[in-house]
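Work through these exercises with the structure in view. Try each task before reading its solution.

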Amino acid sequence: TDGGGNLSLDSIPMGLPMSDPTAWATAMNNLGMAPMGMTGQPLLPDFDPALGMMTGIPPINPMMPGLGIVPPPIPPDMPAVKEIIHCKSCTLFPPNPHLPPPATRERPPGCKTVFVGGLPENGTEQIIMEVFEQCGEVIAIRKSKKNFCHIRFAEEFMVDKALYLSGYRIRLGSSTDKKDTGRLHVDFAQARDDLYEWECKQRMLAREERHRRRLEEERFRPPSPPPVVHYSDHECSVVAEKLKDDTKFLEAIQTLLTWIERGEVNRRTANNFYSMIQSANSHIRRLVNEKAAHEKEMEEAKEKFKLALSGILVQFEQIVAVYHSASKQKAWDHFTKAQRKNISVWCKQAEEIRNIHNDELMGIRREEEMEMSDEEIEDPSEMKETEESALVSQVEALKEENDSLRWQLDAYRNEVELLKQEQGKASRDEDTTKDQQMKLLQQALQGMQKHLLKVQDEYKKREAELEKVREDKLKIETLLENLKEQESSTSRVCACSQEKECPVEKTLSNSPVKSEREVLLVGIISTFLHVHPFGASIEYICSYLQRLDSKICTAEVEVLMTRLQNTFRQELSGVGASLEKRWKFCGFDGLKMT
């Protein structure tokens, strides 16, 4: 393949004598090329490229880039007649066209070097350069004493042009001596320089590919979060002010979280962090209000959507009514067949769309009814349990707050002791500042003690309320048990009086068969199941009975069979998905048992 750095005829100064211009023109004509001389002038002015001797080869211009004197390789299925090539110091005779092409080894990657064997013994580097510089720029020639050499070209495509000369016989001048003749054999050669250059090129391409992929990854990579400043008193005051602002709350809360995770909390900074956490807690009510506002907007949007959908359904109903009125005989007879077909198609489409929208509206209404029913149906016992659990949770929260306040008091006491120790060691100039700090700490301790007392009072009140709730619950449970015992005693007295008054009615009411129709059904079902010893499903039995009487229902038959447990027995057969309930006749076994 011809790449960059192609060699044209004008770029290589060659003074090769054309001893036989007609032979050169014939060779170029056989290859389908316009015959031209070494200077680029046409040899045959009336030559038509389309009338070449070799069919199937498109016309080739030897002056195009990438083509030198030697044309590119021709496929083996298209034999070409090679002509004599005259050089300044030697002559090249083509091989026999009927012989197979010379064998070549596998081409190494990045090959720019060729092996040339069969050189004349008297051949010199100047003669080799004269022959092979027609193929392209020669960088180096390494000639051996044993009639072969290695030639390295500047580009890879020049190697293909050099292989074209394989098989030619070379003769120096007009001598017929064996030392002045030879048969050229050109083949690919494996050179370290070619492989090194090829590997360097591949590494460069790989680097470019890695760089391109890295740029793509960096382009699609999400931006890194902004750095968080280190903790200081100034930054702490800035973050505390931001926490009070709703617009800067998110940035400030992230900074606060990072500081806590870094371990910036200690005895000296605990108060500052507690105040910041307290200000963060104050935003909960705001967030709850925002959520409620959004939920209200969503409900309003739902209502708007429902109203709009109901309006659309009304319009669909009117359109369908128009289609139905047009389908009546008064107006239908006046339309053509095509018009009737279109009207019927339009009516079907409108009905389908109307049904879809109607189902959607009904689904919305069902969801609202379910939500309303869930809100209305609430068990009073569950309400009591929820109130009790709420009280318990409040008591636990108060306990935790009480413990935290105790820990803070201990921390303050430790700090007071440390300050007292440092006060004895410090100078007199610092006494005033320490006194102020002591006063502030004492005031803080007094405030914390008052708060602790309030919390303890609330805790005692909650415990008293919890005990009252428990006592009320026990009273209610005892009342319920007494009521249940009274109901059971009254039911027993009523049952005994009824048994004494009407024993005959009891015997009649206790009988499983209550009418003549049920007696007939029992007989028919017993006969049917006797014929089916492996049992039958209730649907199969009802299908048989409905042939006799279409008013018989499945529930009636199943209730009748369940009452007669000594006559009919239900069994499960099958495994997994094929599990089935079957009824069997067990009257003979039931007779023995009764």
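**Exercise 1. Confidence**

Over which residues does pLDDT stay under 50, and how many contacts beyond four places in sequence does the model have for them?

Solution. This is a predicted model, so begin with its confidence values. Step one: find the stretch. It is residues 43-72, where pLDDT stays under 50. Step two: read its contacts. The model has 70 contacts beyond four places in sequence for these residues. Step three: look at residues 504-508. Their pLDDT is below 50 too, and this stretch has one contact beyond near neighbours in sequence. Step four: turn to the whole protein. The mean pLDDT is 79. Of the residues, 79% reach 70 or more.

**Exercise 2. A sheet with β4 and β5**

Give the strand order of the open sheet that contains β4, and find its edges.

Solution. Step one: write the order. The four strands run β4-β5-β3-β8, and the pairing is antiparallel. Step two: find the edges. They are β4 (138-143) and β8 (185-188). Each has a single partner strand, so one side of each lacks a neighbour in the sheet. From one strand to the next, it averages 20 degrees.

Now take the pair β4 and β5. Strand β5 covers residues 148-153, and five bridges join it to β4. K143 has C149 in β5 as its bridge partner. I141 stands opposite I151 in β5. The two strands form a hairpin with four residues between them. In the turn, N147 has a positive phi of about 60 degrees.

Last, place the helix. Helix α2 (residues 125-132) lies across β3 (113-117), β4, β5 and β8. The helix runs at about 140 degrees to β4.

**Exercise 3. A sheet with β1 and β2**

Solution. Step one: note the pairing. This four-strand sheet is antiparallel, in the order β1-β2-β6-β7. Step three: look at the pair β2 and β6. Strand β2 (residues 90-93) and strand β6 (residues 169-172) share four bridges in the antiparallel sense. C90 has L172 in β6 as its bridge partner.

**Exercise 4. Helices α5 and α7**

Are α5 and α7 roughly parallel or roughly antiparallel to each other?

Solution. Step one: take the geometry. The axes of helix α5 (residues 233-244) and helix α7 (residues 270-281) come within 9 Å. They cross at roughly 15 degrees. Step two: apply the cut-off. Angles under 35 degrees count as roughly parallel. The two helices are therefore roughly parallel. α5 passes α7 in a left-handed crossing. Step four: list the contact. C236, V239, A240 and L243 in α5 meet N272, M276 and S279 in α7. By class, five of these residues are nonpolar, two polar and none charged.

**Exercise 5. Helix α14 and two partners**

Describe how α14 packs with α15, then with α16.

Solution. Start with α15. Helix α14 (residues 516-531) and helix α15 (residues 538-548) pack at about 125 degrees, with their axes 11 Å apart. They are therefore oblique to each other. The crossing of α14 past α15 is right-handed. From α14, the residues L521, I524, I525, F528 and L529 take part. They meet Y540, I541, Y544, L545 and L548 in α15. This contact has ten nonpolar residues, no polar and no charged ones.

Go on to α16. Helix α16 (residues 554-563) and α14 have axes that come within 11 Å and cross at roughly 80 degrees. These helices are therefore roughly perpendicular. R517, E518, L521, V522, I525 and L529 in α14 meet E556, V557, L560, M561 and R563 in α16. The residues here divide into seven nonpolar, no polar and four charged.

Definitions and conventions: Residues are numbered from 1 along each chain as its sequence is written. This is a predicted model: local features need pLDDT of at least 70, side-chain atom pairs count only at pLDDT 80 or more; totals for chains, interfaces and linings use all residues. Side-chain values use heavy atoms; hydrogens and water are left out. Axes are lines fitted to C-alpha atoms, for helices over the stretch in contact, and angles run from 0 to 180 degrees between N-to-C directions. Angles under 35 degrees count as roughly parallel, over 145 as roughly antiparallel, 65 to 115 as roughly perpendicular and the rest as oblique. A crossing is left-handed if the near helix is turned anticlockwise from the far one by less than a right angle, and right-handed if clockwise. Contact means heavy atoms within 4.5 Å. Ala, Val, Leu, Ile, Met, Phe, Trp, Tyr, Cys and Pro count as nonpolar, Asp, Glu, Lys and Arg as charged, and the others, Gly among them, as polar. Two strands pair if DSSP finds at least two bridges between them. pLDDT is the predictor's confidence in each residue, from 0 to 100.
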